[in-house]
Amino acid sequence: MHYNNTTMNEKAKTFSELIGGDTPVLVDFFATWCGPCKMMQPILEDTSKQLGNAVKIIKVDVDKNQLAASKFQVRGVPTLILFHKGEVVWRQSGVVPAHQLTQIIKEKTPVTT
């Protein structure tokens with residue numbers, strides 16, 4: 001993957017530490033068997049290219065990280081949740097077009113590109 005992708009398998013930081021910083025974090029709750037989740041991959045790459053280091057994008061496999069999915073009441077995949085300083089500022093289930101996703105991130109957080 002070519003964007004600033006972090007997976008939940010990284011042991012360096014806890015999930016709370018990852019989402020708690022000043023940089024907005026977009027979490028993509030996905031499943032490997034999910035067709036629409038695969039459609040999100042190029043959208044996330046495009047969003048990352050447009051916003052650069054202004055946002056972190058983390059992918060969380062719900063089958064491997066059921067605790068995180070349960071904590072945030074993820075009922076379907078893909079579910080995108082945008083965090084800023086540890087707080088949920090936006091969430092949506094389903095595929096979101098790149099231009100719309102970029103606009104939402106800019107509106108909901110103090111993103112500077």
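Modeller: A salt bridge is a side-chain nitrogen of Lys or Arg within 4 Å of a carboxyl oxygen of Asp or Glu. The model here is predicted, so local features need pLDDT of at least 70 and side-chain atom pairs pLDDT 80 or more, whereas totals for chains, interfaces and linings use all residues. Residues are numbered from 1 along each chain as its sequence is written, and side-chain values use heavy atoms, with hydrogens and water left out.

Colleague: Why is the pair Lys59 and Asp28 called a salt bridge?

Modeller: The closest N and O atoms of Lys59 and Asp28 are 2.8 Å apart, which is within the cut-off, and the pair therefore qualifies.

Colleague: How do you know whether Lys59 is buried or exposed?

Modeller: Lys59 has 6% relative accessibility, and because buried means under 20% relative accessible area (exposed is over 50%, partly exposed in between, with a 1.4 Å probe and protein chains only), Lys59 counts as buried.

Colleague: What makes the link between the side chains of Lys59 and Gln41 a polar contact?

Modeller: The distance joining the side chains of Lys59 and Gln41 is 3.4 Å, and a polar contact is a pair of N or O atoms within 3.5 Å (within protein, one must be able to donate a hydrogen and the other to accept it, and residues adjacent in sequence count only if both atoms are side-chain atoms).

Colleague: How many salt bridges does a search of the whole structure find?

Modeller: The search finds two. Besides Lys59 with Asp28, Lys85 forms a salt bridge with Asp22, where the closest N and O atoms are 4.0 Å apart. Lys85 lies in the loop between β4 and β5 (87–93) and Asp22 in the loop between α1 and β2, so this pair ties together parts that are 63 residues apart in sequence. Asp22, at 60% relative accessibility, counts as exposed.

Colleague: Which residues have the most contacts inside the largest nonpolar core?

Modeller: Among them are Phe15, Phe29 and Phe72, in a core of 19 residues; a nonpolar core is a set of buried Ala, Val, Leu, Ile, Met, Phe, Trp, Tyr and Cys residues joined through side-chain atoms within 4.5 Å. Strand β2 gives the most to this core, with four residues. A second, separate core of 15 residues includes Met40, Trp90, Leu101 and Ile104.

Note on methods:
Helices (H or I, at least four residues) and strands (E, at least two) are DSSP runs, numbered from the N terminus.
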